[in-house]
Amino acid sequence: MRTLMLFVRYQWSERIATSSFLIGITLQTAAMCLAVWSRAGSPTEVGQFASRSALFTATNIILLGAMSNISNEFKFFTIQHVYTSYFGFPRLIFFRSVANSVICAPAVLMPIVVACVRFGRCDLATLAVLGLSFVWLAALCYVATYLTNLAAQPLAAVPWLKYAFVLFGLDLLPLPGGANLLFPSHWIVTLTHANLSGHLCGFALTTSGAVALCFLVTRSKVERIVEEAIKSGRRAA
C-alpha cells in the first residue's frame with residue numbers, strides 16, 4: 001500500500017504540473033456534470049449517461065498516462081534501476097496503471113454523484129459502476145501502456161486508441177455483430193440493477209481476457225524495444 005500511495009502522489013504531481021491539461025480536464029468534468037444534471041430521462045437513463053460521461057473524461061487521462069508510463073522512466077534516468085532491481089518492469093507498469101486509475105477519481109465520481117443527488121438515490125448498481133470503472137481504468141492503462149509503446153511514436157497511437165475505446169467502448173457507435181460486447185466498458189455503461197449479475201460476469205471475462213491477451217502478445221515485444229533503447233542510450237519517445 002505504501003508503494004502504491006507513492007505512485008499515486010507521483011502520478012498526481014505529473015498531471016497537475018501541466019496547467020493547460022488540468023484546466024481542460026476540470027472544465028470538461030464540469031461540463032459533463034451540467035449535462036448530467038440537465039439530462040432528460042429516467043434515473044436509469046441518466047445514470048447510464050453519467051457513467052459514459054465519467055469514463056469519457058477518465059479515458060483521456062488514462063491514455064495520456066499510459067503513453068508516458070515508460071518514457072518517464074527514461075526521462076528521469078530510472079529505467080536501468082527498474083530493470084536491475086527486484087521491482088521489475090511488469091510490476092512497475094502495474095503500479096503505475098493502478099495509480100493512474102486512482103487519480104481519475106474526481107472525473108469518475110463527479111458526474112455519478114451529480115446523478116445520485118439529482119434523483120436522491122444510490123443503489124447497488126451505482127456502486128458497482130463506480131467500482132468497475134476504477135478496475136477498468138487500471139486495466140486500460142496497463143493494456144494501453146503496452147499498445148502505445150509498440151509504436152515508434154507512442155503519442156501518435158493515442159488518438160487511435162481513444163477513438164476505439166471511446167466511440168466503440170462507450171457504445172457511442174454500434175459495431176456489427178455486437179462487437180461492442182468485447183469492450184469491458186460496454187458492460188459498465190449499460191449496467192442496471194436488473195442486469196447486474198450478467199454484466200458483472202461479462203465485465204470480468206472481457207477485462208481478464210484483454211489483459212491476458214495484451215500480456216501474452218505485446219509484453220515481450222515492448223520489453224525488447226525498451227532494452228534496445230537502454231543499450232543504445234536513447235530515450236523512449
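Here is the tour, helix by helix.

This is a predicted model, so to speak of local features we ask for pLDDT of at least 70 and count side-chain atom pairs only at pLDDT 80 or more, while totals for chains, interfaces and linings use all residues. Residues are numbered from 1 along each chain as its sequence is written, and side-chain values use heavy atoms, with hydrogens and water left out.

**Stop 1: helix H5.** Select residues 89–102, which form helix H5. Helices here are DSSP runs of H or I with at least four residues, numbered from the N terminus. H5 has 14 residues and reaches 20 Å from first to last C-alpha, close to the 20 Å expected at 1.5 Å a residue; the expected span is 1.5 Å times one less than the number of residues. Now colour its buried residues, including Phe89, Leu92, Phe95 and Arg96. Buried means under 20% relative accessible area, exposed over 50%, and partly exposed in between (1.4 Å probe, protein chains only).

**Stop 2: a nonpolar patch.** Show Trp37, Leu109, Val113 and Val117 as surface: together they make a nonpolar patch of about 370 Å². Such patches take residues with over 30% relative accessible area and no salt bridge, joining nonpolar side chains (Val, Leu, Ile, Met, Phe, Trp, Tyr) within 5 Å. Areas come from the Shrake-Rupley method with a 1.4 Å probe, and for residues only the protein chains shown count as cover. Which helix gives the most to the patch? Helix H6 (residues 105–119) does, with 3 residues. Leu109 sits in H6 and counts as partly exposed at 33% relative accessibility.

**Stop 3: the salt bridge.** Pick Arg121 and Asp123, whose side chains meet in a salt bridge at 2.9 Å, N to O. The term means a side-chain nitrogen of Lys or Arg within 4 Å of a carboxyl oxygen of Asp or Glu. A search of the whole structure finds 1 salt bridge. Arg121 is partly exposed at 40%, and Asp123 is partly exposed too, at 22%.

**Stop 4: Thr126 and helix H7.** Thr126 belongs to helix H7 and is buried at 17%. Leaving aside residues up to four places away in sequence, Thr126 touches Ile112 and Cys116 (contact means heavy atoms within 4.5 Å). Finally, select all of H7, residues 124–148: 19 of its 25 residues are buried, so H7 is largely enclosed by the rest of the structure.

Key. Patches are made of residues with over 30% relative accessible area and no salt bridge: like charges are joined within 9 Å, nonpolar side chains (Val, Leu, Ile, Met, Phe, Trp, Tyr) within 5 Å. Helices (H or I, at least four residues) and strands (E, at least two) are DSSP runs, numbered from the N terminus.
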